[in-house]
Amino acid sequence: DGVYVDWATPNQRQIARAHPDALDAVTFAAGSMGPKVRAGQQFAREGRGDAVIGSLSDLDALFDGRAGTVVTNEAVGIEYRAAPTSGTGQRGTATTL
């Protein structure tokens with residue numbers, strides 16, 4: 001699915017794109033999402049390209065940016081996905097905060 005902040009709370013939000021440095025300020029569970037995020041940060045920081053974190057069942061959507069979380073040096077801060085549009089099962093556009 002992707003990387004979330006405030007996981008399992010009423011305030012949870014999915015990160016659509018993020019600069020690797022911006023993710024340093026967010027705490028992720030060490031035994032869960034933390035290692036994936038840190039690996040994505042390292043990959044992007046080393047200039048090896050963008051890292052995409054998400055479900056393999058969403059592979060097509062991951063590649064075209066409709067699903068998952070992209071860790072990229074091209075992002076400014078952290079961009080969050082809008083909540084899914086009611087009744088459509090699809091996510092809205094990303095917002096930068």
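Which residue forms a salt bridge with Arg17, and how far apart are the closest N and O atoms? The partner is Glu79, and the closest N and O atoms of the two residues are 3.3 Å apart, where a salt bridge is a side-chain nitrogen of Lys or Arg within 4 Å of a carboxyl oxygen of Asp or Glu.

Before I go on, a word on the source: this is a predicted model, in which local features need pLDDT of at least 70 and side-chain atom pairs count only at pLDDT 80 or more, while totals for chains, interfaces and linings use all residues. Residues are numbered from 1 along each chain as its sequence is written, and side-chain values use heavy atoms, with hydrogens and water left out.

As for confidence, pLDDT is the predictor's confidence in each residue, on a scale from 0 to 100, and the protein chain averages 87, with 86% of the residues scoring at least 70. Over residues 86-97, however, pLDDT stays under 50, and for this stretch the model has 29 contacts beyond four places in sequence, a contact being heavy atoms within 4.5 Å.

Back to the salt bridges, of which a search of the whole structure finds five. The pair I opened with, Arg17 and Glu79, links distant parts of the chain, since Arg17 sits in strand β2 (residues 13-18) and Glu79 in strand β5 (residues 78-81), 62 residues apart. Helices (H or I, at least four residues) and strands (E, at least two) are DSSP runs, numbered from the N terminus. Arg17 is partly exposed at a relative accessible area of 27%, whereas Glu79 is buried at 14%; buried means under 20% relative accessible area, exposed over 50%, and partly exposed in between, with a 1.4 Å probe and protein chains only.

Next comes Arg45, whose side chain meets that of Asp21 in a salt bridge of 3.0 Å, N to O. Because Arg45 lies in helix α1 (residues 33-45) and Asp21 in the loop between β2 and α1, this pair ties together parts that are 24 residues apart in sequence. Arg45 also meets Asp24 in a salt bridge, here at 2.7 Å, N to O, and Asp24 lies in the loop between β2 and α1, so that this second pair ties together parts 21 residues apart. Through shared partners, salt bridges join Asp21, Asp24 and Arg45 into one network. Each member is partly exposed: Arg45 at 41%, Asp21 at 45% and Asp24 at 47%.

Gln41 also lies in helix α1, but at 1% relative accessibility Gln41 counts as buried. The side chain of Gln41 reaches the backbone oxygen of Pro20 at 2.6 Å, and, leaving aside neighbours within four places in sequence, Gln41 is in contact with Pro20, Leu23, Asp24 and Val71.

That brings me to the interior. In soluble globular proteins, nonpolar side chains tend to be buried together.

Lastly, Tyr4 is found in strand β1 and is buried, with a relative accessible area of 13%. Tyr4 and Gly68 are 64 residues apart in sequence and 9.8 Å apart in space, C-alpha to C-alpha.

Terms used
A polar contact is a pair of N or O atoms within 3.5 Å; within protein, one must be able to donate a hydrogen and the other to accept it, and residues adjacent in sequence count only if both atoms are side-chain atoms.
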